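Here's a friendly walk through one protein model. Have a look at it first, then read on.

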Amino acid sequence: MSSDELRRQGHRMVDWIVDYWDRVETLPVQSRSEPGELRAALPPSAPLHGEPFEDILADLDRLILPGVTHWQSPSFFGYFPANASGPSLLGELLSAGLGVQGMLWATSPACTELETHVLDWLVDAMELPRGFRSDSAGGGVIQDSASSAVLCALLAARERATGLQSNRTGDTRGLVAYSSTEAHSSIEKAIRVAGIGSENLRLVPVDRDFAMRPGELERKVSEDVAAGRSPFFVCATLGTTSSHAMDPLKAIGEVCGAHGLWFHVDGAMAGTAALCAEFRFHFDGLESADSYCFNPHKWMFTNFDCTCFWLRDRRALTEALTIVPDYLANQATASGEVIDYRDWQVPLGRRFRALKLWFVLRHYGLEGLRHHLRQHVELAHELRVWIEADDRFVIVAPTPLNLVCFRHRQGDEFNRALMERLNREGSMFLTSSTLAGRLALRLSIGQTHTERRHVEAAWRRIAETATAMEAGSQASQAT
Ligand code: PLP
């Protein structure tokens with residue numbers, strides 16, 4: 001592609017994206033595509049000769065958009081937000097344009113240093129433990145996902161627990177890890193990948209607010225110790241996926257401290273809330289964590305992928321992961337004065353992800369970000385009040401931040417049908433989970449352009465659709 005053409009098509013592509021974002025709220029949020037539909041419309045083999053870029057762009061509207069669920073719609077309330085923004089998009093574009101491989105400080109110093117610096121900024125801005133700063137024994141790194149972060153935490157913990165033996169000998173026998181029954185599936189996946197084995201992940205029961213019971217954790221750890229096993233790792237969650245439950249970090253940290261266990265905290269979506277002083281009480285006890293992660297790619301206006309991951313002792317991780325082949329040896333590494341982030345993650349190669357975070361932080365400023373987060377939380381609380389005022393519905397979990405969990409009183413089948421009908425209709429999108437054995441509807445508020453009117457419209461649709469369904473079921477009972 002010539003420079004002229006790249007400039008021309010680049011402008012068109014940016015226009016396309018801006019137009020898309022401007023009109024995304026008019027599109028049905030959930031894709032209506034059937035399985036195999038896109039593949040059937042694509043040629044069976046790759047083009048032999050290059051095609052005009054115009055044709056490729058035209059196919060975005062014709063072929064790709066119908067198969068897209070619009071995560072950037074202000075009426076997307078499913079799963080968790082993935083809130084992209086102008087500055088993050090431009091940072092991503094720049095990262096692709098620079099095309100840097102930031103595996104070593106030496107392969108592009110700015111890639112490493114900006115990352116370290118921005119993560120230090122966040123430690124200060126969120127009042128995270130000072131021990132996570134890079135000028136202590138700890139430090140931060142950007143991972144692709146919370147799943148990778150917990151895997152890295154586990155690998156560091158495994159190595160520490162086995163006296164730096166498990167990498168060498170492959171022996172992980174007896175190691176036991178703990179999370180709550182409500183923890184994300186990525187914990188079990190990491191346990192499998194790290195060779196610990198799912199059977200050695202103990203699921204600790206939760207209280208009526210779906211938060212881990214520290215007393216039960218203590219009991220399970222003591223049982224394992226008594227049976228000659230080696231407890232080594234606990235993962236607590238700040239903002240569980242199903243209900244946004246906040247595990248009590250202080251009490252869990254005490255159990256970890258008493259038994260010498262690695263304490264990881266997964267703050268995937270809720271972690272962004274630490275930007276606001278009034279939400280920081282949820283993070284009390286984080287100072288005893290060995291590692292912590294949260295996802296700017298969920299609720300901090302930064303497009304996927306971007307997980308901030310901090311450790312209190314960075315050596316624990318680098319000792320687990322460092323291998324220096326001759327072809328990567330260089331003077332800066334040998335000097336010990338630089339960070340080589342390849343030793344802080346599973347892959348070797350790494351993108352210049354800090355750019356988009358830097359753009360977001362500079363564009364919004366901390367106060368700008370706080371303003372939007374507060375608005376989302378306020379909307380969630382308003383929605384909760386509307387739901388509580390309708391006696392056909394019940395709230396089924398606390399609403400610490402921006403996720404509202406509720407259900408219609410008519411049982412699981414009714415709720416599932418209600419959700420499917422709403423999603424099929426397309427004016428909004430929400431998802432469900434299971435809480436205390438029953439289906440719960442989850443409405444997660446955090447999209448970049450979600451305003452009060454979108455939440456109001458969503459609640460109106462939910463209430464109206466429920467009314468229509470109730471009338472339908474009464475009619476069918478009568479016949
Ligand atoms: N942890 C929690 C609590 C989550 O809700 C999620 C995603 O929903 C994850 C971890 C996994 O996040 P990622 O996609 O960044 O691996």
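## Ground rules

This is a predicted model, so local features need pLDDT of at least 70 and side-chain atom pairs count only at pLDDT 80 or more, while totals for chains, interfaces and linings use all residues. Residues are numbered from 1 along each chain as its sequence is written, and side-chain values use heavy atoms, with hydrogens and water left out.

## The sheet

Seven strands make an open, mixed sheet, running β1-β7-β6-β5-β4-β2-β3. Strands here are DSSP E runs of at least two residues, helices are H or I runs of at least four, and both are numbered from the N terminus; two strands pair if DSSP finds at least two bridges between them. β1 (139-143) and β3 (201-204) sit at the edges with a single partner strand each, so one side of each has no neighbour in the sheet.

Further in, β4 (residues 230-237) and β5 (residues 262-266) pair in the parallel sense over five bridges. Ala236 stands opposite Val265 in β5.

Trp310 touches residues including Leu119, Phe132, Asp290 and Phe294, leaving aside residues up to four places away in sequence. Contact means heavy atoms within 4.5 Å.

## Helix α12

Which residues of α12 (residues 314-321) are buried? They are Ala316, Leu317, Thr318 and Ala320, where buried means under 20% relative accessible area (1.4 Å probe, protein chains only). The buried residues of α12 pack against α6 (146-161), α7 (166-169), β5 and β7 (307-311).

Conventions
Buried means under 20% relative accessible area, exposed over 50%, partly exposed in between (1.4 Å probe, protein chains only).
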